[in-house]
Amino acid sequence: MNCLCRGRRFSTAERCGFLALGLAALLACVQPSFCVIPLGLFLLACLCAPFLPRIAFFLPVISRGPAGSHGIALTFDDGPCPASTPVLLQLLAQYQLPATFFVIGKKAETYPELIQSILNHGHSIGNHSYHHDNLLMLRSCTVLKRDVAATQQALATLGVSPHLFRPPVGITNSRLKLVLEELDLQAITFSCRVFDRGNKNIRHLAGRVLHRLKPGDILLLHDNPPPTSAEAAIWQHELEQLFAGLTSNYQTVPLETLIMRPVMRWH
């Protein structure tokens, strides 16, 4: 089915668009120049909303646990990678913390043994696009669907099918809603991040996270190696401090427990 034709509920963006048109029509009767006010505000909302990961403007988005949640969920983007994934798995096992890895399809195909290792350690896996194209949301509906579906297929050959899609950089658009409906996926972002720039900014990482983290948060970190071996050692030390802090001060739960829905299914 063409992703532009599927029947669906109206999104917040669509409802706001109808409201803006209605207000513009009413204001035009009073003063024609006033009609640009609601239309301009709607356009501004459409321009800003894609860059606000917690705003469910174009489609339903999970960004944290429901109100009253006490746990936090640990997630890692951009892997798997042989220089970082084993480090994370070893530390997660040491501190007995569950996590969800939002993986890139092309990397999953390249390192299937790391996907298996993630699963063997009891963690879950989500879809994080095939190429991690930062401009993916500017592509056509066809290209967007092909990219997301390619990762689903890559992971299906490894025995799992994610239920969750995390868009690159947390950016969404109206086309993503239609694509995810066709692929039976739910968009998920995050409520806590510290702009580690894919582990290029790891100084004081633990302190920055623990200072901002709140119950119910979905924490975003990255499964990439830092640029140098010296920074990799710092990164591992920061992770140890962070995981110790999570163990002492927070209830870290599987993502599916926090959001009360499955992250993936086994084949």
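Q96 counts as exposed in this predicted model, because its relative accessibility is 72%, and exposure begins over 50%. The residue is found in the loop between α3 and β3. Along the chain Q96 and C81 are 15 residues apart, and their C-alpha atoms are separated by 21 Å.

G122 lies in the loop between α5 and β4, the latter spanning residues 124-127. Its C-alpha atom is separated by 15 Å from that of P80, while the two residues are 42 apart along the chain.

A further loop, between β7 (186-188) and α8, holds F195. Leaving out residues up to four places away in sequence, F195 touches N201, R208 and R212. F195 and A28 are 167 residues apart in sequence, and from C-alpha to C-alpha they are 45 Å apart in space.

| Residue pair | Separation along the chain | C-alpha separation |
|---|---|---|
| Q96 and C81 | 15 residues | 21 Å |
| G122 and P80 | 42 residues | 15 Å |
| F195 and A28 | 167 residues | 45 Å |

What surrounds L74, once its neighbours within four places in sequence are left aside? L74 is in contact with L92, L97, P98, A99, T100, L219, L221, F243, L246 and T252.

Two helix pairs show how helices pack in the model. In general, two packed helices are described by the angle between their axes and the distance between the axes.

Helix α1, residues 12-30, packs with helix α2, residues 36-48, at an angle of about 160°, and their axes are 7 Å apart. Because angles over 145 degrees count as roughly antiparallel, α1 is roughly antiparallel to α2. The crossing in which α1 passes α2 is left-handed. On the side of α1, the contact is made by A13, C16, G17, A20, L21, L23, A24 and L27, which meet P38, L39 and F42 in α2. Sorted by class, this contact has 10 nonpolar residues, 1 polar residue and no charged residues.

In the other pair, the axes of helix α6 (residues 141-156) and helix α7 (residues 174-183) come within 10 Å and cross at roughly 45°. How are α6 and α7 oriented to each other? They are oblique to each other, and their crossing is right-handed. C141, L144, K145, V148 and A149 in α6 meet R175, L176, V179, L180, E182 and L183 in α7. This contact of α6 with α7 has 8 nonpolar, no polar and 3 charged residues.

Methods
Residues numbered from 1 in each chain as written. Predicted model: local features only at pLDDT ≥ 70, side-chain atom pairs only at ≥ 80, totals over all residues. Heavy atoms only, no water. Axes fitted to C-alpha atoms, helices over the stretch in contact; angles between N-to-C directions. Helix = DSSP H or I, 4+ residues; strand = E, 2+ residues; numbered from the N terminus. Parallel < 35°, antiparallel > 145°, perpendicular 65-115°, else oblique. Left-handed = near helix turned anticlockwise from the far one by under 90°. Contact = heavy atoms within 4.5 Å. Nonpolar A, V, L, I, M, F, W, Y, C, P; charged D, E, K, R; others polar. Buried < 20%, exposed > 50% of the residue type's maximum accessible area, 1.4 Å probe, protein only.
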